[in-house]
Each structure stands twice: as C-alpha cells, then as structure tokens.
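Biologist: I am new to this structure. Please take me through the ligand and then the aromatic rings.

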Amino acid sequence: MNCRVKICGITNIEDALMACRHGADALGFVFYEKSPRYVTPEMANSILAQLPPFVTPVALFVDADEASIRTVINGSPRWIIQFHGAEIEAECLSYQRPYMKALRIKEGDNVAALVDQYPTASAMLLDAYKAGVPGGTGEVFDWSLIPKKLTKPIVLAGGLTPNNIKDAIKQVAPYAVDVSGGVELSKGVKSELKVQEFISGAKCG
Ligand SMILES: O=C(O)c1ccccc1N[C@@H]1O[C@H](COP(=O)(O)O)[C@@H](O)[C@H]1O
C-alpha cells in the first residue's frame with residue numbers, strides 16, 4: 001500500500017527541501033502563533049515558491065480569523081488548508097480550497113459521526129486529544145477507536161515516529177500519515193535521519 005506522508009511544522013527552506021528529497025508528499029506550515037513551529041505568511045510563501053512540483057503545501061490554522069487565512073492562501077493557488085481547531089464545515093468550505101479537518105480523538109468519541117460532519121472535506125485528520133493543547137503534542141491515541149470504514153480518506157497523526165509508523169499503518173491503513181515532533185531534533189528543526197526513516201517506514205513498510 002502506498003501511504004502518503006505529510007511532514008508538518010516546516011520552518012525553513014533547508015528542512016523543506018530535505019523532506020522533499022526523501023519523498024514527502026506534503027509539507028505543513030503552522031500559522032498558530034502559540035506554536036514553537038509558527039511561521040509567518042511571508043516566510044512560508046517564500047519557502048513554497050522554492051518547492052518542487054508535485055509536493056502539496058498545507059497551511060495549518062487553529063481557529064484563525066478570515067483575514068489571517070486569506071493573507072496566507074492568497075500567496076499561492078497551491079495551498080490547501082488544515083483546520084486544526086473547532087471550525088465548522090461552513091467555515092472550512094468558505095475558502096473554496098481543498099481542506100482537511102482535524103479531529104482530536106478521545107475515549108468515547110463517535111468517530112464516524114464526527115467525520116460525517118464534514119462532507120466537503122478532502123480528508124479527515126485524526127490526532128490525539130490533549131486538554132488545553134490544540135495539536136503537535138507528540139501523543140498517540142488509541143487507534144482501535146478508528147472504525148474500519150469511514151466516509152473520508154483518513155490522515156493519521158499524533159505521536160507518530162520512525163519507531164511506530166509501520167505498526168500504525170498496519171493497524172489503521174490510513175490514506176496518509178502526518179508527523180511533526182516525531183521527526184524533530186528540536187522544536188521546529190527536523191532531523192534528516194528521522195525524516196528519512198519515517199518516510200521509508202511509511203512507504204516501504
Ligand atoms: O505542530 C504544531 O505545533 C501544531 C500546533 C497546533 C496545532 C497542530 C499542530 N500540529 C499538528 O499536530 C499533529 C500531531 O503532531 P505530532 O506529530 O504529535 O507532533 C499533526 O497533525 C501536526 O500537523
């Protein structure tokens with residue numbers, strides 16, 4: 001199975017090009033100012049302009065206002081959006097870009113019903129729930145909470161690393177996987193070895 005890989009939390013051109021060289025399908029840029037991986041719209045659009053073709057740039061927002069989102073996505077038609085807050089479907093749809101909606105999963109959630117609230121999403125990203133932190137927590141959730149059949153392609157996230165990626169794909173069989181902290185040397189700085197091991201584990205596992 002060819003599992004796609006998104007490397008999230010890109011903050012500089014060196015890491016962006018390095019991830020592309022190792023086969024990343026998508027790169028995530030965090031426009032959430034409280035994140036240690038925050039990048040400005042100017043920096044992200046400058047990196048995007050230097051990316052090779054066939055790599056998808058993903059703009060990640062957490063309950064951002066419309067003007068902030070438009071400032072980023074007006075920089076390039078290549079942007080797709082990852083909504084990582086409590087955005088409802090009508091808001092996600094209003095930007096007329098392909099989008100992923102993140103759900104932060106915890107015990108007792110009806111994942112199928114939550115997914116069905118976003119019929120216009122290109123994919124649904126499933127991440128771990130941690131009170132008070134919207135994402136990038138490095139925590140794994142209980143993958144058995146994910147139903148086998150869902151109405152949308154699933155992007156699995158939350159505490160993925162080169163060590164657990166093969167098990168994750170075997171158990172969940174997601175359309176794609178998304179990693180941030182699990183391939184870092186320090187917050188916002190990627191490790192080439194971890195990126196390479198993660199992508200080869202995801203694609204060759
Ligand atoms: O990466 C961040 O700092 C971040 C901040 C706010 C919301 C989401 C964020 N990242 C996303 O979180 C998940 C899991 O990350 P990790 O691999 O557990 O570190 C992933 O989807 C990132 O895109």
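**The ligand and its surroundings**

Modeller: This is a predicted model. In the shell around the ligand, at least two residues each come from strand E6 (123–128) and strand E8 (176–179).

Biologist: How do the residues of the shell divide into nonpolar, polar and charged?

Modeller: There are 24 residues around the ligand, and those that come nearest include Arg37 and Asp178. The residues of the shell divide into nine nonpolar, 11 polar and four charged.

Biologist: Which residue has a polar backbone atom 2.7 Å from an oxygen atom of the ligand?

Modeller: A polar contact needs N or O atoms within 3.5 Å. An N or O atom in the side chain of arginine 37 is 2.9 Å from a ligand oxygen, and a polar backbone atom of serine 180 is 3.0 Å from a ligand oxygen. The residue with a polar backbone atom at 2.7 Å is glycine 136.

Biologist: How much of the ligand does the protein bury?

Modeller: The ligand sits in the largest pocket. Taken alone, the ligand exposes 510 Å², and of that the protein buries 99%.

Biologist: Turning to the rings, is the pair of phenylalanine 31 and phenylalanine 61 stacked or edge-to-face?

Modeller: The structure holds five aromatic pairs. Planes under 30 degrees apart count as stacked. The centres of phenylalanine 31 and phenylalanine 61 are 5.4 Å apart and their planes are at 20°, so this pair is stacked.

Biologist: How many residues apart are these two?

Modeller: Phenylalanine 31 is in the loop between strand E2 (26–30) and helix H2 (41–48), while phenylalanine 61 is in strand E3. The pair links distant parts of the chain, 30 residues apart.

Key: Residues are numbered from 1 along each chain as its sequence is written. This is a predicted model: local features need pLDDT of at least 70, side-chain atom pairs count only at pLDDT 80 or more; totals for chains, interfaces and linings use all residues. Side-chain values use heavy atoms; hydrogens and water are left out. A residue is near a molecule or strand if one of its heavy atoms lies within 4 Å of it. A polar contact is a pair of N or O atoms within 3.5 Å; within protein, one must be able to donate a hydrogen and the other to accept it, and residues adjacent in sequence count only if both atoms are side-chain atoms. Accessible areas come from the Shrake-Rupley method with a 1.4 Å probe; for residues, only the protein chains shown count as cover. On a 1 Å grid over the protein atoms alone, a cavity is a set of points where a 1.4 Å probe fits but cannot get out, and a pocket is an open set with protein on both sides within 12 Å along at least five of seven lines; lining residues have an atom within 4 Å of a point. A molecule sits in a cavity or pocket if more than half of its atoms lie within 2 Å of its grid points. Helices (H or I, at least four residues) and strands (E, at least two) are DSSP runs, numbered from the N terminus. Ala, Val, Leu, Ile, Met, Phe, Trp, Tyr, Cys and Pro count as nonpolar, Asp, Glu, Lys and Arg as charged, and the others, Gly among them, as polar. Rings of Phe, Tyr and Trp (its six-membered ring) pair if their centres lie within 6.5 Å; planes under 30 degrees apart count as stacked, over 60 as edge-to-face and the rest as tilted.
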